[in-house]
Each structure stands twice: as C-alpha cells, then as structure tokens.
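This report covers the fold of one protein, then a helix and the cores.

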Amino acid sequence: PPSRSINFILEGYPVTFICMLVVSVLTSASASHMKRQSRILADREKKLAEAEKEKMRANLLRAVSHDLRTPLTGIIGASSSYLENEARLDADEKRTMVRHIREDANWLLNMVENLLTVTRIRDDSASVNKSLEPVEEVMAEAVYRLKKRIPDAQIKVLLPEEFVMIPMDATLIEQVLINLMENAIFHAGSTEPVECRAEIGRDEVTFLVTDQGVGIPEEKLTTIFDGTGQTENSSSDGHKGMGIGLSICKTIITAHGGSIRACNHGHGAQFSFTLPRSSEDEEQ
C-alpha cells in the first residue's frame, strides 16, 4: 500500500481507531466541562463581589445615618439655645456653646472627608491608583493633619529605621491612619499617648496604632469594621461613633490588597493593617 496511508482492514487498525476516537471524545467532553465550570465559578465570584459591595454600601449608609445625624442635632440645639437665651447667658456660657458647635462642625468635616475618600476608589474594580511613597513621610503627614484637627492630641510616632517606599495612594493611607489615631484618642479613655509605628517585613509593611485604654469588647472584635462599631465604651456624645471611620478603613486597605485587624493587647486596643511591598503589576 502507499506509504503512511490508513487501512482499516489491516489487523489492529480498527482497535487503534476506536481507542483514538474514545480518547478524543473524552478529551472534548472534559474540556467542555472545564469551560462550563470556569464560567460558573466566574459568575459565582462576580455575584459574591457584588454582594460584598452591596453589604459595604449598606453598612456605610447605616454608619453615615448615625454619625452625621447626631452632630447636626447638637449644632442645631446649641445654636437655638444661644439665640433664644443670648440675653441671659454670660460670656463663659456663650464661649462653651460656640466651642461645642465648632467641635461638632469639625467632626462633620471629618465625616465628609471620609466620604470623599471613598469616592477615590473606583467602583468598577475596587482598586486605587498607587505610586511608590515613603512610609515615614506618609506617617508624618497623617500625624500633622491630625494635630491640626486635634491640637491637644498626644501621639508617639516610631518611625522605621529602614527607608522604605511601597505602592499606595498616600492620601487614602493617611486617612486610614488619621481615622485609627482619632478613634484611639476618643474611645481609649486614657491620658497616655497613642503610639503609631510601622514594622518592615520582607514582603509587607505593617502599620500599628496602639492605645493604653479600656480596650474593645470581645464581642465587637469580629464586626468592628462592618460599619456598626458603636461600643459600650463610646462617649455620651454619640457623634464620635467609630462606625463610618473603621468601615472606610477596611474599604481602603482591601482596595490596596492588604488586610486590617483589631485586637486587645492587655492594656488597651491595637489596630493594625498590612500593605504589600510590591504591587501585582510589578509581580507580573
């Protein structure tokens, strides 16, 4: 017969043909099944991401409704009392009312800054525009901005010995540090300074904000970043709630590909978040 021709009459050829046919059919079926499974997994991940995004929006809305309504009520009440009783109030009482109005207004400004911070994160990809930034400069700028808002704040900053630059959106990370330090100042119930430091690891950098206060109730640790962070230790002027600030912190750190956690260290609370030292684009 001609060279390299197929002759099904020859002995063994039918068996070989049947085996090849079975293998090709099984391979095709397996490939089709894997494609279907990949599509199902992709759809499931997309639905989970949408559900997580909706949960974040709901928690944020719930936190905003509380954290914005209370200071507004205080401003309206204080200003109304001032106007109605101006003739009967002495100078010290007037200054006290004006000071309370200013404090509530500053707190509202902080909330608006937090909300504007969230808009910097793209809704479609939940990612941020990152560039290499020095760790110590970001920490220093965060403390400077906090001191402008709370001049009496006692902050102990421990800068890393190693000069490190990591990919981040500096403005967003500064907002996270401000939220965590401000949270410690208002809720720790301590006169000791709040410690802010950074630890340099091989593949990541960890930022830690530690206070020497009353700590966090154990039942709140698992849900404290969900936007429902009012604790039993919250001050009576409920506008200083932790909900929106911590919820936004988690959103920002997640968008950076990092993680954030809260714990008690025996003499207070400690918040920490970790950022990778290299971005995904660089790794690819």
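## Fold and cores

From the N terminus on, the elements run α-α-β-α-β-β-α-β-β-α-β-β-α, with six helices and seven strands in the protein. Helices (H or I, at least four residues) and strands (E, at least two) are DSSP runs, numbered from the N terminus. This is a predicted model, in which local features need pLDDT of at least 70 and side-chain atom pairs count only at pLDDT 80 or more, while totals for chains, interfaces and linings use all residues. Residues are numbered from 1 along each chain as its sequence is written, and side-chain values use heavy atoms, with hydrogens and water left out.

Of the 284 residues, 38% are buried, meaning under 20% relative accessible area (1.4 Å probe, protein chains only). Among contacts (heavy atoms within 4.5 Å) with a separation of 6 or more, 72% join residues 24 or more positions apart.

Helix α4 is largely enclosed by the rest of the structure, because 15 of its 18 residues are buried. At its start, a side-chain oxygen of D169 lies within 3.2 Å of the backbone nitrogen of T171. Just after α4, G189 has a positive phi of about 70°.

A nonpolar core is a set of buried Ala, Val, Leu, Ile, Met, Phe, Trp, Tyr and Cys residues joined through side-chain atoms within 4.5 Å. The largest has 44 residues, and L177, M181, F207 and F273 have the most contacts inside it. Helix α4 gives the largest share of this core, nine residues. Elements that give two or more residues include these:

| Element | Residues |
|---|---|
| α3 | 135-149 |
| β5 | 204-210 |
| β7 | 269-276 |

Beyond its neighbours within four places in sequence, F207 contacts residues including M139, L177 and F273.

Terms used
Buried < 20%, exposed > 50% of the residue type's maximum accessible area, 1.4 Å probe, protein only. Polar contact = N/O pair within 3.5 Å; in protein donor to acceptor, adjacent residues only side chain to side chain.
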